[in-house]
Amino acid sequence: MISGIEPTQEVRDTFAKLNKSKIKAFTVKIDKIEGKDQMLVDKVFEKEGFTFEAFAEAFPELESRIGVIEVEIPREDSRTEYKIVDILWSPINAPALKKMKYSTSISGFRGEFTQIHKSLQLDSKADLAEEPFMKRVKA
């Protein structure tokens with residue numbers, strides 16, 4: 001039986017940077033280190049020079065990932081609302097066992113990082129295009 005894998009301190013520290021608006025986004029992967037599955041930071045995206053396209057490209061076609069991004073939502077009153085969104089990336093053709101590791105770990109991830117405003121599960125690259133992604137965030 002697979003149980004959830006907890007975030008490492010590296011993941012916690014990276015989330016803290018995002019929560020303080022020091023970085024724009026990051027991705028997390030589950031990898032075996034010294035025979036034990038661990039949740040590790042895969043890629044970090046700085047605010048300067050950030051593009052949504054580069055973030056979307058960080059999600060492999062055949063491997064699951066967890067992504068976290070701070071999005072800006074313009075409001076009708078001219079203010080900007082900032083929301084932290086997590087993504088469970090689970091491509092349809094990814095290996096089932098690996099998808100299970102991510103799906104059993106995401107609830108603990110979301111429980112630990114209570115500052116997350118919205119959670120999405122995405123399974124195709126079309127879902128990662130900026131316009132449909134933002135529609136889902138705003139919904």
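Student: Why is Phe 50 called partly exposed?
Tutor: Buried means under 20% relative accessible area, exposed over 50%, and partly exposed in between, with a 1.4 Å probe and protein chains only. Phe 50 has a relative accessible area of 21%, so it counts as partly exposed. Note that this is a predicted model: local features need pLDDT of at least 70, side-chain atom pairs need 80 or more, and totals for chains, interfaces and linings use all residues. Residues are numbered from 1 along each chain as its sequence is written, and side-chain values use heavy atoms, without hydrogens and water.

Student: How do you know that a charge sits over the ring of Phe 50?
Tutor: The rule asks for NZ of Lys or CZ of Arg within 6 Å of the ring centre and within 35 degrees of the ring normal. The charged end of Lys 24 is 5.6 Å from the centre of the Phe 50 ring and sits over it.

Student: What makes Phe 45 and Phe 55 an edge-to-face pair?
Tutor: Rings of Phe, Tyr and Trp (its six-membered ring) pair if their centres lie within 6.5 Å; planes under 30 degrees apart are stacked, over 60 edge-to-face, the rest tilted. Phe 45 and Phe 55 lie 5.6 Å centre to centre, with 85° between the planes. Phe 45 is in strand β2 and Phe 55 in helix α2 (residues 52-57), 10 residues apart. Helices (H or I, at least four residues) and strands (E, at least two) are DSSP runs, numbered from the N terminus.

Student: Why are Phe 45 and Phe 55 called buried?
Tutor: Phe 45 has 13% relative accessibility, so it counts as buried. Phe 55 has 0%, so it is buried too.

Student: Why is the pair of Phe 50 and Phe 55 called tilted?
Tutor: The centres are 6.3 Å apart and the planes make 45°. That angle is neither stacked nor edge-to-face, so the pair is tilted. By this rule the count comes to nine aromatic pairs. Phe 45, Phe 50, Phe 52, Phe 55, Phe 59, Trp 89 and Phe 133 form one aromatic cluster.

Student: What makes β2 and β5 edge strands?
Tutor: Strands pair if DSSP finds at least two bridges between them. The open sheet runs β2-β1-β3-β4-β5, with mixed pairing. β2 (36-45) and β5 (118-122) each pair on one side only.

Student: How do you know that β4 and β5 pair?
Tutor: They share five bridges, in the parallel sense. In β5, Leu 120 is the bridge partner of Ile 87.
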